[in-house]
Each structure stands twice: as C-alpha cells, then as structure tokens.
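Please keep the sequence and the model in view while reading.

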Amino acid sequence: MDKILLGHGSGGKLMYELIKKYIAPIFELPSLMDSAIVSLNHSGKIAITTDSYTVSPIFFPGGDIGDLAINGTVNDLAVVGAVPLYLTVGFILEEGFPLSDFEKILSSISSSAKKAGVKIVAGDTKVVDKGKGDGIFINTSGIGVIPEGVELSPLKIEMGDKILISGSIGNHGIAVMSERNGFTFEPPVLSDTRALNGLIEQIMKEFTPFIKVMRDPTRGGLATTLKELALESLKDILIYESAIPLHDTVKGACELLGLDPLYVANEGIFVAIVKADVAEKILQLMKSHPFGEESAIIGEVTGRGGKVLLKTFIGGTRIVDMLPGEQLPRIC
C-alpha cells in the first residue's frame, strides 16, 4: 500500500495504523488521547492562533506545505510578542495521495517544529474522496505565552515612529509561482519560509518598551500589512522604495510577470514599528541574527489619517492601497 485510501480517514484500523506508523513516531506523541494536556507554568496571558494551508504546489523551491504550516503558525504567535510553545496539526488528505509524499511532509513538519523549539501535541486526520480535495490541506493551531510587560498594539503607533523590515520581500510568492508554472530564474528564487521567534525574542529581550507593533506580511504582501496598520492606528505611513530590500532576481521576475513586489507574499520576514530614537539600535541587533541580515529601516509614521505613501526611485509619491483581489492564487 503506497497511497492514502478512504479507510485512512474512517476511524478504523487503517486510520489507527496511519497515525501509529507515520504520524505519532515522527511527532513523538506519547499517547492518542482526544485532547492534549500540557503544563504552561505561567500565570500571565496566553496567545492562541489558527491557520489553514492550501498551497499549490505542495513542494516548492526552499520549502513545502509542511514547514510552511509550522513556520507560519510560529510566526503568527511571535509577532504578537508571544513565546510559541505548543502546536496542533490537522490533515485533510485526498484519496490516492502518495504515502511517500505524506512522509516527506511529516518529516518536514517535525524538523521545522524542532528548529522553532515548539512541540506538536495533538492533531487530526480526515480523508476525502478522490477529486474532492487537492492532495493535502493542513490546519494548525498554536499556543504561546505572553511575557510580563509585553503589550503590542497598532494603537501605540505615534508620529515619527520608524518602520523596520527584517528581510527582502517577494521571495515566497515568486518561488511558489515559478514552480507552479515551470519558470526558472538564475539564480533560483527560494521561499523564505522560516520561524522568526528566535530573532523576535532577541530584540524583544532588549527593546520591548520601544516596539509598538509587529506583523508578518504574508498574503497580500508588505503593502497590505502596512495599509492594515495605517487603518488600525489612523496614522499615515511613508515608505521609501529605495530602502526596501528586494533581490534582483525577484525584481526581474516581477517585472517579467507584471507583478508589484509590494503585494507578493512572504513567509520569513516581519515588519516592526518602533520608537524612532532606538530604531538604529534595533536594526543593528536584527542584522546580527542570521534571519535578519537584510533588515532595513524602510519608512516612518508621518501624519494622521490612515494612508500609506511610497516615495519612488524617481522621487515621486504614490498611494499604496490593498488589492481588491489576488495577484497570485494559493501561495500560502
């Protein structure tokens, strides 16, 4: 047997064997109870997040749907100031999905969780009829604790605050799209999927009082994330095109395909709005981390109103808004 069968989701012997043989050993699950019981040893606030991953193709340059699911969930916790601890993973598998691919994804999930320092404590598996799914979908939930004194909010954004970004934009979206459509670029574009909790903990440890808010610009890209922050804070944000890290290959791919890199998805960077007088110190600390080497100050908070403005290479200014639809379908 080398493929997923409907019986793998029936709750019977095949499902039991799938969990016992493939899932439980890789995730080191001690038991198969209906709920996980964990000790937080913490009396403060808890952060909880959930997400679903439907990326196509499921394997792409630099990653796959497995590490994407883990890293995305860890990052959603980390950018609110939480220390990620526990994750759940649910699979919706299509009948006929190769078990060899499932094993690769399980291994990727396990490896990514260990790198991020989180533990997978519970999960679920369902199988749908052939033709009723798309190979594999993954749903995750994550739990983390908020250290005392951490309270990030767009409402804390003030005039003069600086906008920091931890790396170059557009890598994930272009990597997925190129694999999907058979495009090749030289050098190849790799997804930036990675867990950012280590980098974020490093800057939070020293600069918590000066960090107003953080976000990871995934679907909708940098432009959408900044516009959301502008609207939530009712502040105007000005960013500089020349300051935004962008690899030449990604820039060329976007020009070739008629895409704006500001709207292309990312999976391994975050945006932080910080107090101006410590922005340079935070930047240098970010640059000292392997995942923050391309960090940059890309703009500032300039007024009240909720607009995002881009100062272009040629000196003009244009309004940056949310896209009414999707540039690229199913990249997260």
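Two residues are in contact when they have heavy atoms within 4.5 Å of each other. The model under discussion is predicted, and the contacts described below are computed from it.

Is Thr193 buried or exposed? Buried means under 20% relative accessible area, and Thr193 counts as buried because its relative accessibility is 11%. Leaving aside neighbours within four places in sequence, the residues in contact with Thr193 are Gly62, Gly63, Asp67, Leu68, Asn71 and Glu267. With Asn71, moreover, the side chain of Thr193 forms a polar contact of 3.0 Å.

Asp129 is found between strand E5 (119-128) and strand E6 (136-146). Its relative accessible area is 35%, so Asp129 is classed as partly exposed. If residues up to four places away in sequence are not counted, Asp129 touches Leu6, Glu94 and Glu95. The C-alpha atom of Asp129 is separated by 35 Å from that of Ala47, and these two residues are 82 residues apart along the chain.

Attention now turns to helix H7, which comprises residues 248-257. The buried residues of H7 are Thr249, Val250, Ala253 and Cys254. They lie on the same side of H7 because they cover an arc of only 135 degrees around the axis. Which helix do these buried residues pack against? Their partner is helix H4, formed by residues 171-181. On the face of H7 turned away from the buried side, the exposed residues are Asp248, Glu255 and Leu256. Just after H7, Gly258 takes a positive phi of about 75 degrees.

How is the lining divided by class? The second largest pocket is lined by 9 nonpolar, 1 polar and 6 charged residues.

Conventions
Residues are numbered from 1 along each chain as its sequence is written. This is a predicted model: local features need pLDDT of at least 70, side-chain atom pairs count only at pLDDT 80 or more; totals for chains, interfaces and linings use all residues. Side-chain values use heavy atoms; hydrogens and water are left out. Helices (H or I, at least four residues) and strands (E, at least two) are DSSP runs, numbered from the N terminus. Ala, Val, Leu, Ile, Met, Phe, Trp, Tyr, Cys and Pro count as nonpolar, Asp, Glu, Lys and Arg as charged, and the others, Gly among them, as polar. Buried means under 20% relative accessible area, exposed over 50%, partly exposed in between (1.4 Å probe, protein chains only). The arc is that of the directions from the helix axis to the C-beta atoms. A polar contact is a pair of N or O atoms within 3.5 Å; within protein, one must be able to donate a hydrogen and the other to accept it, and residues adjacent in sequence count only if both atoms are side-chain atoms.
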